[in-house]
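Dear colleague,

Here is the structure I promised to pass on to you. Please keep it open beside this message as you read.

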Amino acid sequence: MSEKERSLNFLEHIIEEDIREGFPKENLRFRFPPEPNGYLHIGHASSICLNFGLGLDYKAPVNLRFDDTNPEKEEQEYVDAIKKDVEWLGYEWDKECYASDYFQQLYDWAVELIKKGKAYVDSQTSEEIAAQKGTPSKAGEESPYRNRSVEENLDLFERMRKGEFRSGEHVLRARIDMASSNMLMRDPIMYRILHRSHHRTGNDWPIYPMYDWTHGESDYIEQVSHSFCTLEFAMHRELYEWFLDNVYDDGRVKPKQREFARRNLSHTIVSKRKLLQLVKEGVVTGWDDPRMPTISGLRRRGYTAESIRNFADTVGIAKRENLVDVSLLEFCIREDLNKKAPRVMAVLDPVKVVITNYPEGQEEWLDAENNPEDENAGFRKVPFSREIYIEREDFREEANRKFFRLKLGGEVRLKNAYIIKAEDCVKDSEGNVTEIRCTYDALSKSGSGTEESMRKVKGTLHWVSVPHAIEAEVRIYDRLFTDAEPDGHKDKDFMEFINPDSLNITRGYVEPSLKEAGAGERYQFQRLGYFCVDKDSKTGKLVFNKTVGLRDTWAKIQDKN
RNA sequence: UGGCCUAUGGUGUAAUUGGUAACACAGCUGAUUUUGGUUCAGUCGUUCAAGGUUCGAGUCCUUGUAGGCCAACCA
């Protein structure tokens, strides 16, 4: 990998500074620590790219660690989906870890804390504990159980572990400072009793450790050097370090937590809870619905891993609030697909064109370039005949000079084929055009080298031969929310901004080269956009997803009028 | 009546740590084009405010202002 001149983000500055101050480069180690309680979304992609990208840059290992300490929300399905997404993004983790693998070690350390008088069993209800907690501006009060003897604490904690108590009967708390200005330091809970089966440890444990007690110690066990998380954990850092100080051995790496702002994407939400709500309420068909900002949704929509990595890289990382415009994501996928996607022709809102001077029954197979941006992409054959479909919006009976498309008496180039001229059109009783009658210039065939073929006509249209056309279902997506920041309103719920027209299913015609197109393949439908074959697709019943449209300056011109 | 964090074009980030405010997207003009795509050229526009230190401040200091986070047996 060539180390190109690039400015560093603030986290990289921190790492560089640590190295400068003597931290051994070979001890650098990172981790991506998802909780398996939902699917990964575009916001996580930033974190994945950050951590694994750092691993690549510093040639340091990166662990994939599941933060699975809450069996009430976590499931194996999510573990599998997360692994698939990280792999698909193109990253390789060093070790696959689970916080649940550290339950015994965590328990042993907790016993040590009790022995040192730094933890105690509290036997109050959660309401009582909450009431004593105080407020951000008012100190809390100490629990009546705070000064239990070490022996009693040890006995109680052991019995908690053995399952002798009901859920919620006791908790283990760290003994820190009920008057701290940091609420998290007011004797935080380390363990709760929860008789609930865990997706990996089954019924082995009736007690489960809390996030704060688990996360830093897991980093320490794995000897993670830099533990990056989102801003809302900033206040947890003090506790993270307090716990670490109580188990830390000289000579081992003491992990450093630093916080960055999560990335928000306009016109969508990046909250697992809210995404789950969309799934549960049937607003979308599932976590991988192509309208979802999940990695699996984007994948199904036709996004490439490279485009997402590039997006994450372009957005960068910092500490301030942000709302990244979706247009940047769209730019990234267009940029990538422009280089990679083969061009084909498809008509999604067809109107028939009859070329009256083209012999009935005749067909020709014309050469079409697969990708003008890729010299090695080659050519394919597309069939031409007397009757073709063009896009309904590409024809007007009359139009001004700005309309480069087909109008009565006007000429256009049919891509890869001939120049045609519209002579007449047929309409139904309601005035809708049902057929356009044209003549063609037989000498104007694309690539034939004739003088006529070199003629400049302003418009070029895509088309599909009627007798050769293959019908296909095309799913056209629009943004899921009508508001740029659906969850950014205090007085309105994000569900109020759901776009009722986010999915539009239509039937169109595609050229015959697409007959055997398989799931996941990506194409540019010329002049329309990028499309990919959905997993629902079968030969004989093709289904395409619209990934993103082409940049459309014509639409902009029309918007102005 | 607290603590912590943040403030740079419309958006997202950068600025060799005190030395010409830059890059990408978006917008706008034009050129090229058998995709109104791509490409190319150009253009618009920025340091939250007020003081201070300094030859020199986006960067340091002071005081404000605005926004975010913190009172789950969630992570």
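This is a predicted model: local features need pLDDT of at least 70, side-chain atom pairs count only at pLDDT 80 or more; totals for chains, interfaces and linings use all residues.

I begin with what the database record says. An unreviewed UniProt entry lists residues 28-338 under "domain: Glutamyl/glutaminyl-tRNA synthetase class Ib catalytic".

P36 sits in the loop between β1 (30-32) and α2 (42-57), and it counts as buried because its relative accessibility is 0%, where buried means under 20%. Apart from residues up to four places away in sequence, P36 touches F66, D67, D68, K73, E74, E75, Y78, V79, I82 and H199. K272, for its part, belongs to helix α9 (residues 272-280), and with a relative accessible area of 18% it is buried as well.

Next come the helix pairs. Two packed helices are described by the angle between their axes and the distance between the axes.

The axes of α4 (residues 103-115) and α6 (residues 150-162) come within 9 Å and cross at roughly 160°, and these two helices are therefore roughly antiparallel to each other, since angles over 145 degrees count as such. The crossing of α4 and α6 is right-handed. On the α4 side the contact is made by Q104, Y107, A110, V111, I114 and K115, and on the α6 side by V150, N153, L154, F157, E158 and R161; seven of these residues are nonpolar, two polar and three charged.

For α7 (residues 211-221) and α8 (residues 237-245), the axes come within 9 Å and the crossing angle is roughly 60°, which makes α7 oblique to α8. The crossing of α7 and α8 is right-handed, with D212, W213, H215, G216, E217, D219 and Y220 of α7 meeting L239, Y240, F243 and L244 of α8. By class, the contact of α7 with α8 has six nonpolar, two polar and three charged residues.

Helices α11 (residues 305-315) and α12 (residues 326-340) have axes that come within 9 Å and cross at roughly 135°, so that α11 is oblique to α12. Their crossing, too, is right-handed, and the contact draws on E306, S307, N310, F311, T314 and V315 from α11 and on L328, L329, C332, I333, E335, D336 and K340 from α12. Six nonpolar, three polar and four charged residues make up the contact of α11 with α12.

Finally, a note on V533, which is found in strand β26 (residues 529-533) and counts as buried at 2% relative accessibility. Leaving aside neighbours within four places in sequence, V533 is in contact with A517, G518, A519, G520, E521, Y523, V543 and F544.

Definitions and conventions
Residues are numbered from 1 along each chain as its sequence is written. Chains are lettered from A and ligands numbered from 1 in the order in which they are written. Side-chain values use heavy atoms; hydrogens and water are left out. Axes are lines fitted to C-alpha atoms, for helices over the stretch in contact, and angles run from 0 to 180 degrees between N-to-C directions. Helices (H or I, at least four residues) and strands (E, at least two) are DSSP runs, numbered from the N terminus. Angles under 35 degrees count as roughly parallel, over 145 as roughly antiparallel, 65 to 115 as roughly perpendicular and the rest as oblique. A crossing is left-handed if the near helix is turned anticlockwise from the far one by less than a right angle, and right-handed if clockwise. Contact means heavy atoms within 4.5 Å. Ala, Val, Leu, Ile, Met, Phe, Trp, Tyr, Cys and Pro count as nonpolar, Asp, Glu, Lys and Arg as charged, and the others, Gly among them, as polar. Buried means under 20% relative accessible area, exposed over 50%, partly exposed in between (1.4 Å probe, protein chains only). UniProt positions are given in the numbering used here, feature names are shortened, and annotations may be inferred rather than shown by experiment.
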